[in-house]
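Please consult the sequence and the coordinates together while reading.

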Amino acid sequence: MPIGLLTDIGSSFGLTEAAVCVLWGVCATVFSIAFQSEVIRATDADTSSVAMSIFSGIFNLGIGSGTALGGVVVSGWGIGWVGAVGAVIAAASLACCLVALIRSLAVRDRGSGRARSRPRPATPGRGV
């Protein structure tokens, strides 16, 4: 069941909203810790502190720009458009990730010799 629907089910009770907020916070924390551990794993000991600083800056930039964009949407079009604008951003992000994934897999396959290739047709007049 989506988290947003949980608030509709128990909207007259404060406990449901509190539980949803706790669940949301746990999910956000796990997400952040997973990415931080991946950044640390992908770097060596000498550069991990710089990489974590960059990660933290990008994370905070995302929070700040999301807040600014949300403020612009609410001020301009109203609060009812926040979800629609968020959906457009999520769809664009998904498209970018899929393009990057497909390109990455194509480069990997090309480098390992696993790229799909059609067999060459036999050329007439040349030995088989």
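Helix H3 covers residues 48–76, and its 29 residues should span 42 Å at 1.5 Å a residue; the C-alpha atoms at its ends lie 41 Å apart, which agrees. The expected span is 1.5 Å times one less than the number of residues. Helices here are DSSP runs of H or I with at least four residues, numbered from the N terminus. This is a predicted model, in which local features need pLDDT of at least 70 and side-chain atom pairs count only at pLDDT 80 or more, while totals for chains, interfaces and linings use all residues. Residues are numbered from 1 along each chain as its sequence is written, and side-chain values use heavy atoms, with hydrogens and water left out.

Ser48, Ala51, Phe55 and Val73 of H3 are buried. Buried denotes under 20% relative accessible area, exposed over 50%, and partly exposed the range in between (1.4 Å probe, protein chains only). After H3 comes Gly78, with a positive phi near 110°.

Two salt bridges are found in a search of the whole structure. The criterion is a side-chain nitrogen of Lys or Arg within 4 Å of a carboxyl oxygen of Asp or Glu.

| Salt bridge | Closest N and O atoms |
|---|---|
| Glu38 with Arg41 | 2.4 Å |
| Arg108 with Asp109 | 3.7 Å |

Glu38 and Arg41 both belong to helix H2 (residues 14–42); because they are three residues apart, about one helical turn separates them. Glu38 is partly exposed at 38% relative accessibility, whereas Arg41, at 60%, is exposed. In the other pair, Arg108 is partly exposed at 47%, and Asp109 is partly exposed at 22%.

Note on methods:
Helix = DSSP H or I, 4+ residues; strand = E, 2+ residues; numbered from the N terminus.
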